Amino acid sequence: RTGARVERLPLARFTTLGVGGESEMWFVSDHAQLAEAMEQPYRILGGGSNLVIADEGVPERVIRLSGPLAERDLEPDPHLSSEGEIVTGWVGGGVPLPGLIRQLQKLGLSNLEGTVGIPAQVGGAVWMNAGTRYGEMFDGLHTIEIVTPQETRQVTPADLQWGYRNSGIPRNHVVSRVRLRLRRSTPEAVLEKMDFADNARKGQPKMKTPGCAFKNPGGVSAGQLIDEAGLKGTRVGNALIAPEHANFIVNLGGATAADVHALLDVIRARVPVPMELEYELWP
Ligand code: FAD
Ligand code: EPU
């Protein structure tokens, strides 16, 4: 045994929606522990900010990066950095993105400030190329380390077919750590851009939610389409289509995964444009 901490815990505690039953969690803090956890069927959990997990939990191991895999080394690599641009040391996939973005702002390092307000972990945010109209994760990546049960490899963004909300990295390939590619700026300039991106969130609900339910189809706002279908305020059980922004489903307290699924079905039935789900449903 490699010493990974294994514990059955309710996943609701690890999701921003606050839904999800008990499952076997593997807290892994190095590559050996990660490899052991991957010997049996597994899922990888990040910040839990894009997940709707069944009330029964999931049968697979749920891996969570912790310890050194949730730490960051932002020292510029002297061989890869220049006067205008730096490449950092390794940033663990388990690092919470909001704290990282705040720290980069204080250091006056630019490229990732457009992702302000996304409550993800670095690994999860890279895996789905989380972003906003003001920037996305792939704006600031140099190297991505990907672990599968077969191998560990390091790739660059140019090696991947990435795009809107998509890194091109297959599901269950674990983003264990990354090196960031950042432009030297000033704390003031980065803060100004961050505030601008943050402002676009003013209309988003403050309650428990897994973020936007659907990806924007062809540049149109999914929220606007759901709104135009008259669905704001629709409630099933304790889940509600947010009155503030129709692409957000919120947990009023005690919502179940089934409540959320029922609302997703209502939306699919009533919106005339086909939309791709952004959340992931477990199992
Ligand atoms: P999780 O929700 O834990 O997992 C989601 C998927 O990522 C799963 O398939 C999981 O297996 C995979 N994953 C997690 N960690 C790893 C890893 N280390 N390696 C490989 N795969 C991994 N998203 C946006 O893009 N833009 C926004 O503006 C935005 N705003 C949001 C606002 C709120 C209030 C909330 C709650 C969510 C918002 N989201 C937004 C959605 C969400 O934050 C993103 O989808 C984010 O990328 C999810 O990352 P996570 O670490 O929470 O992943
Ligand atoms: N709108 C409505 N009704 C609504 C919601 C929106 O009419 O209920 C209209 C707005 O008035 C605006 C337009 O739709 O004219 C766009 O809305 P908004 O600015 O909120 O942007 P969005 O396209 O709905 C996207 C991302 C968000 C991201 C924001 C801010 C997607 C699916 N959504 O929302 O990302 O935070 O821009 O940059 O790409 C997420 O992915 O989980 C997410 C929250």
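I began with pairing: strand E2 (residues 22-28) and E5 pair in the parallel sense over four bridges. I count two strands as paired if DSSP finds at least two bridges between them. Helices (H or I, at least four residues) and strands (E, at least two) are DSSP runs, numbered from the N terminus.

I noted that this is a predicted model, where local features need pLDDT of at least 70, side-chain atom pairs count only at pLDDT 80 or more, and totals for chains, interfaces and linings use all residues. Residues are numbered from 1 along each chain as its sequence is written, while chains are lettered from A and ligands numbered from 1 in the order in which they are written.

**E5**

I looked up the bridge partner of Val28 in E5 and found Leu65. E3 also pairs with E5 in the parallel sense, over four bridges. There, Leu45 has Arg64 as its bridge partner.

Is E5 buried or exposed? Five of the five residues of E5 (residues 61-65) are buried, so the strand is largely enclosed by the rest of the structure. Buried is 20 or more other C-beta atoms within 10 Å of a residue's own, exposed is 12 or fewer, and partly exposed is in between, with C-beta atoms placed from the backbone. In a regular strand, side chains alternate between the two faces of the sheet. In E5 I found Arg61, Ile63 and Leu65 buried on one side, and Val62 and Arg64 buried on the other.

**Core**

I then checked the largest nonpolar core, which has 73 residues. Such a core is a set of buried Ala, Val, Leu, Ile, Met, Phe, Trp, Tyr and Cys residues joined through C-beta atoms within 7 Å. Val28, Val126 and Ile249 have the most contacts inside it.

**Ligand 1**

I counted 32 residues around ligand 1, and Gly46, Gly47, Gly123, Gly124 and Gly211 are the closest. The cut-off is a C-beta atom, placed from the backbone, within 6 Å. H3 gives the most to this shell, with four residues. Domain 1 (5-68) and domain 2 (72-199) both give residues to the shell, so ligand 1 lies between them. The domain bounds come from an automatic or database domain assignment.

**Backbone**

Most residues other than glycine have a negative phi, and most peptide bonds are trans. I logged Asn129, not a glycine, with a positive phi of about 45 degrees. Asn129 sits in the loop between H3 and E8. I also logged a cis peptide bond from Trp282 to Pro283, with omega near -5 degrees.
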